[in-house]
Amino acid sequence: NGMMVEFDFDSYHLRLISNIIGYTLPTGSVHEYLGKYYFGKDTLTPEEYQEAKRINFKILYGGIPTEFKNIEFFRLVSEFIGKLWKEWKSKKYVNTYLYKRRMHKARLGEMNPQKLFNYYIQAYETEHNVKVIKRFREVLADKKSKVVLCTYDSFLFDFNISDGLETLNQIKSAMEFPSKVSIGANYGAMIDKSL
């Protein structure tokens, strides 16, 4: 008696990173926001938007090139990576962002600043998802809808129509960050919708 509803975080890792470095990102597309810096214009073509996404992922997972350190967001990311690396070198561990669990050198093996940063963001992502799932449990406690799948940046629900639109709005709010919504009769027939 319902449908599949997927909530997909918008630019999840970029938003998690902005929390860590204390940088306020817009509620709209982060890829478009940063793409405006890359291309020096206010409106991006669809091709430029895709290129901005590619650049963002390359920078975040491969290191920040010098030419992008003049963008405040990436300057702050670079400073944070340096601080994290210094802590790692002196203590042989760092604490995760939310739950303060120790990430030990003995468990993670050979490390470099970018790899450590990537592990740190992945740990934050997992811890944040745990908090989100706890909020979902509260929202759905007296409902028929259920969470049926969690990937790193999205949650899939078997949504019962009798739970009403307000439940979908509560789920969206529980995610904390902006998200996109897709709806379909099954996982293979999802269509992008906005609430």
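Student: Which helices do the buried residues of H2 pack against?
Tutor: Helices (H or I, at least four residues) and strands (E, at least two) are DSSP runs, numbered from the N terminus. Buried means under 20% relative accessible area, exposed over 50%, and partly exposed in between (1.4 Å probe, protein chains only). Contact means heavy atoms within 4.5 Å. By that test, the partners of the buried H2 residues are H1, H3 and H4.

Student: What pLDDT do local features need in this predicted model?
Tutor: Residues are numbered from 1 along each chain as its sequence is written, and side-chain values use heavy atoms, with hydrogens and water left out. In this predicted model, totals for chains, interfaces and linings use all residues, side-chain atom pairs count only at pLDDT 80 or more, and local features need pLDDT of at least 70.

Student: How wide an arc do the buried residues of H2 cover?
Tutor: The buried residues in H2 are Val30, His31, Leu34, Gly35 and Tyr38. An α-helix has 3.6 residues a turn, so residues three or four places apart point the same way. The arc is taken from the directions that run from the helix axis to the C-beta atoms. These residues lie on the same side of H2, because their arc is only 125°.

Student: Which residues does tyrosine 38 contact, leaving aside neighbours within four places in sequence?
Tutor: Tyr38 is one of the buried residues in H2. With those neighbours set aside, its contacts are Ala52, Ile55, Asn56, Ile59, Phe68, Ile71 and Phe74.

Student: Are H3 and H6 roughly parallel or roughly perpendicular?
Tutor: H3 (residues 46–62) and H6 (residues 113–140) pack at about 110°, with axes 8 Å apart. Axes are lines fitted to C-alpha atoms, for helices over the stretch in contact, and angles run from 0 to 180 degrees between N-to-C directions. Under 35 degrees counts as roughly parallel, over 145 as roughly antiparallel, 65 to 115 as roughly perpendicular and the rest as oblique. H3 and H6 are therefore roughly perpendicular.

Student: Which residues of H6 meet H3?
Tutor: H3 brings Ile59, Leu60, Tyr61 and Gly62 to this contact. From H6, the partners are Gln114, Phe117 and Asn118.

Student: What is the relative accessible area of lysine 92?
Tutor: Lysine 92 sits in the loop between H4 and strand S2 (93–95). Its phi is near 70°, a positive value in a residue other than glycine. Lysine 92 is partly exposed, at 42%.

Student: Is lysine 100 buried or exposed?
Tutor: Lysine 100 lies in the loop between S2 and strand S3 (102–104). Its phi is positive, about 55°, although it is not a glycine. With a relative accessible area of 51%, lysine 100 is exposed.

Student: Which residues does threonine 167 contact, leaving aside neighbours within four places in sequence?
Tutor: Threonine 167 is in helix H7. It counts as buried, at 1% relative accessibility. Its contacts beyond those neighbours are Val139, Leu140, Lys143 and Phe159.
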